[in-house]
Amino acid sequence: VGSIFSTSYVKNGVDDTSTRPVFFIYNGGPGSSSVWLHMGAFGPKRVAVPSDAKDDGAAPFRVVDNTSTFLDVADLVFIDPVGTGFSKPLGETKGEAFWGVHEDAKSLEQFIRAWLTKNSRWNSPKYIGGESYGTTRSAALIRELESRFDDVSINGIILISTILDFGL
(Lines give C-alpha, C1' and ligand atoms only; values in the text may rest on other atoms or scores of the structure.)
Protein backbone atom coordinates (compact mmCIF):
# COMPACT_ATOMS: atom_id res chain seq x y z
CA VAL A 1 0.00 0.00 0.00
CA GLY A 2 3.03 2.27 0.33
CA SER A 3 6.66 2.52 -0.72
CA ILE A 4 9.32 3.64 1.76
CA PHE A 5 12.65 4.85 0.43
CA SER A 6 15.78 4.45 2.52
CA THR A 7 19.54 4.71 2.27
CA SER A 8 21.66 2.25 4.25
CA TYR A 9 25.35 2.33 5.05
CA VAL A 10 26.44 -1.10 6.30
CA LYS A 11 30.05 -1.96 7.11
CA ASN A 12 31.34 -4.92 5.09
CA GLY A 13 33.34 -7.73 6.65
CA VAL A 14 31.75 -7.70 10.13
CA ASP A 15 31.89 -11.30 11.34
CA ASP A 16 29.66 -10.83 14.38
CA THR A 17 26.85 -8.37 13.60
CA SER A 18 25.49 -8.84 17.13
CA THR A 19 28.15 -6.34 18.25
CA ARG A 20 27.58 -3.83 15.44
CA PRO A 21 24.72 -1.36 16.21
CA VAL A 22 22.14 -0.25 13.65
CA PHE A 23 20.93 3.36 13.85
CA PHE A 24 17.59 4.11 12.13
CA ILE A 25 17.37 7.85 11.40
CA TYR A 26 14.49 9.99 10.08
CA ASN A 27 13.68 13.67 9.84
CA GLY A 28 10.65 15.59 10.97
CA GLY A 29 7.84 16.88 8.92
CA PRO A 30 5.48 17.16 7.53
CA GLY A 31 7.11 16.45 4.23
CA SER A 32 10.75 16.57 5.30
CA SER A 33 12.94 13.74 4.02
CA SER A 34 16.01 12.33 5.77
CA VAL A 35 18.33 14.23 3.42
CA TRP A 36 18.90 16.94 6.05
CA LEU A 37 20.23 14.41 8.55
CA HIS A 38 21.90 12.37 5.81
CA MET A 39 23.84 15.15 4.06
CA GLY A 40 23.84 17.65 6.92
CA ALA A 41 24.70 15.68 10.04
CA PHE A 42 25.22 11.90 10.15
CA GLY A 43 26.03 10.54 6.69
CA PRO A 44 29.58 9.70 5.59
CA LYS A 45 29.56 12.81 3.38
CA ARG A 46 28.06 16.21 4.10
CA VAL A 47 27.37 19.41 2.26
CA ALA A 48 29.90 22.05 3.30
CA VAL A 49 28.05 25.10 4.59
CA PRO A 50 29.43 27.97 6.66
CA SER A 51 29.12 27.47 10.40
CA ASP A 52 29.23 31.19 11.15
CA ALA A 53 25.55 31.92 10.30
CA LYS A 54 26.50 33.54 6.99
CA ASP A 55 24.59 32.97 3.76
CA ASP A 56 25.63 29.69 2.16
CA GLY A 57 25.34 31.18 -1.31
CA ALA A 58 24.07 29.31 -4.34
CA ALA A 59 24.85 25.97 -5.95
CA PRO A 60 27.08 24.24 -6.66
CA PHE A 61 27.83 23.23 -3.08
CA ARG A 62 30.89 21.25 -2.05
CA VAL A 63 30.43 17.74 -0.65
CA VAL A 64 33.11 16.77 1.88
CA ASP A 65 33.95 13.82 4.13
CA ASN A 66 31.95 14.00 7.35
CA THR A 67 34.32 13.54 10.26
CA SER A 68 31.32 13.49 12.66
CA THR A 69 29.50 10.52 11.11
CA PHE A 70 28.53 7.57 13.35
CA LEU A 71 29.52 5.12 10.59
CA ASP A 72 32.72 4.17 12.40
CA VAL A 73 30.66 2.71 15.27
CA ALA A 74 27.24 1.87 13.78
CA ASP A 75 25.48 1.04 10.53
CA LEU A 76 23.18 3.87 9.42
CA VAL A 77 19.72 3.53 7.90
CA PHE A 78 18.17 6.82 6.75
CA ILE A 79 14.39 6.47 6.35
CA ASP A 80 11.98 8.67 4.40
CA PRO A 81 8.47 8.11 5.83
CA VAL A 82 5.59 8.01 3.32
CA GLY A 83 5.01 11.53 2.02
CA THR A 84 8.69 12.52 2.26
CA GLY A 85 11.53 12.14 -0.23
CA PHE A 86 10.77 9.35 -2.72
CA SER A 87 8.38 7.53 -0.33
CA LYS A 88 4.75 7.53 -1.39
CA PRO A 89 1.39 5.79 -1.17
CA LEU A 90 0.88 3.19 -3.91
CA GLY A 91 -2.10 2.49 -6.16
CA GLU A 92 -5.44 3.65 -4.80
CA THR A 93 -4.06 4.22 -1.30
CA LYS A 94 -4.52 7.75 -0.03
CA GLY A 95 -1.75 9.58 1.81
CA GLU A 96 -4.03 9.89 4.83
CA ALA A 97 -3.45 6.18 5.43
CA PHE A 98 0.06 7.18 6.63
CA TRP A 99 -0.34 10.75 7.87
CA GLY A 100 -1.48 10.33 11.46
CA VAL A 101 0.72 9.80 14.51
CA HIS A 102 -0.28 6.11 14.82
CA GLU A 103 -0.31 5.46 11.05
CA ASP A 104 3.12 7.05 10.57
CA ALA A 105 4.65 5.09 13.45
CA LYS A 106 3.06 1.83 12.27
CA SER A 107 4.50 2.16 8.76
CA LEU A 108 8.00 2.83 10.13
CA GLU A 109 7.67 -0.08 12.55
CA GLN A 110 6.86 -2.35 9.60
CA PHE A 111 9.80 -0.96 7.62
CA ILE A 112 12.24 -1.53 10.51
CA ARG A 113 11.03 -5.11 10.98
CA ALA A 114 11.45 -5.78 7.25
CA TRP A 115 14.93 -4.20 7.20
CA LEU A 116 16.08 -6.25 10.21
CA THR A 117 14.79 -9.45 8.61
CA LYS A 118 16.23 -8.77 5.14
CA ASN A 119 19.63 -7.89 6.61
CA SER A 120 19.69 -10.60 9.34
CA ARG A 121 20.21 -7.96 12.05
CA TRP A 122 17.65 -8.91 14.72
CA ASN A 123 20.43 -9.61 17.22
CA SER A 124 22.24 -6.29 16.66
CA PRO A 125 21.92 -3.39 19.08
CA LYS A 126 19.24 -1.09 17.64
CA TYR A 127 18.84 2.68 17.98
CA ILE A 128 16.26 5.05 16.57
CA GLY A 129 16.59 8.78 16.15
CA GLY A 130 14.55 11.61 14.79
CA GLU A 131 14.70 15.36 14.38
CA SER A 132 11.92 17.86 15.08
CA TYR A 133 8.61 16.03 14.47
CA GLY A 134 10.81 12.93 14.23
CA THR A 135 11.15 13.13 18.03
CA THR A 136 7.37 12.82 18.36
CA ARG A 137 7.54 9.99 15.82
CA SER A 138 10.17 8.30 18.02
CA ALA A 139 7.83 8.32 21.02
CA ALA A 140 5.05 6.73 18.97
CA LEU A 141 7.44 4.39 17.15
CA ILE A 142 8.97 2.95 20.31
CA ARG A 143 5.45 2.00 21.44
CA GLU A 144 4.81 0.23 18.13
CA LEU A 145 8.17 -1.55 18.22
CA GLU A 146 8.06 -2.74 21.83
CA SER A 147 4.37 -3.30 22.60
CA ARG A 148 3.85 -6.72 21.00
CA PHE A 149 4.77 -10.24 22.02
CA ASP A 150 7.31 -10.25 19.15
CA ASP A 151 8.76 -6.85 20.01
CA VAL A 152 11.76 -5.16 18.50
CA SER A 153 13.91 -4.27 21.48
CA ILE A 154 15.49 -0.85 21.10
CA ASN A 155 18.72 -0.03 22.92
CA GLY A 156 18.41 3.74 22.74
CA ILE A 157 16.66 6.76 21.28
CA ILE A 158 18.28 9.98 20.07
CA LEU A 159 16.05 13.08 20.02
CA ILE A 160 17.33 16.01 17.93
CA SER A 161 15.63 19.44 18.12
CA THR A 162 12.97 17.92 20.34
CA ILE A 163 9.27 18.67 19.87
CA LEU A 164 7.29 16.59 22.31
CA ASP A 165 4.96 19.31 23.60
CA PHE A 166 3.20 21.07 20.73
CA GLY A 167 1.55 23.46 23.21
CA LEU A 168 4.86 25.25 23.67
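**Exercise 1. Determine which residues Asp75 touches, and describe its setting.**

Step 1. Leaving aside residues up to four places away in sequence, Asp75 touches Tyr9, Val10, Lys11, Arg20, Pro21, Val22, Phe23 and Arg121, where contact means heavy atoms within 4.5 Å. The model is predicted, so local features need pLDDT of at least 70 and side-chain atom pairs count only at pLDDT 80 or more, while totals for chains, interfaces and linings use all residues. Residues are numbered from 1 along each chain as its sequence is written, and side-chain values use heavy atoms, with hydrogens and water left out.

Step 2. Asp75 belongs to strand β6 (residues 75-80); helices (H or I, at least four residues) and strands (E, at least two) are DSSP runs, numbered from the N terminus.

Step 3. With a relative accessible area of 1%, Asp75 is buried. The classes are buried under 20%, exposed over 50% and partly exposed in between (1.4 Å probe, protein chains only).

Step 4. The Asp75 side chain makes a polar contact with the side chain of Arg20 at 2.9 Å, and reaches the backbone nitrogen of Lys11, also at 2.9 Å. A polar contact is a pair of N or O atoms within 3.5 Å; within protein, one must be able to donate a hydrogen and the other to accept it, and residues adjacent in sequence count only if both atoms are side-chain atoms.

**Exercise 2. Classify the ring pair of Tyr9 and Phe78.**

Step 1. Rings of Phe, Tyr and Trp (its six-membered ring) pair if their centres lie within 6.5 Å; planes under 30 degrees apart count as stacked, over 60 as edge-to-face and the rest as tilted. By this rule there are six aromatic pairs.

Step 2. The ring centres of Tyr9 and Phe78 are 6.2 Å apart and the planes stand at 85°, so the pair is edge-to-face.

Step 3. Tyr9 is in strand β2 (residues 5-9) and Phe78 in strand β6, so the pair ties together parts 69 residues apart in sequence.

Step 4. Tyr9 is partly exposed, with a relative accessible area of 25%, whereas Phe78 is buried at 1%.

**Exercise 3. Examine the backbone at Ser120 and Ser132.**

Step 1. Most residues other than glycine have a negative phi.

Step 2. Ser120 has a positive phi, near 50°. This residue lies in the loop between α2 and β8 (126-131) and is exposed, with a relative accessible area of 58%.

Step 3. Ser132 has a positive phi of about 60°. Ser132 lies in the loop between β8 and α3 (133-146) and is buried, with a relative accessible area of 17%.
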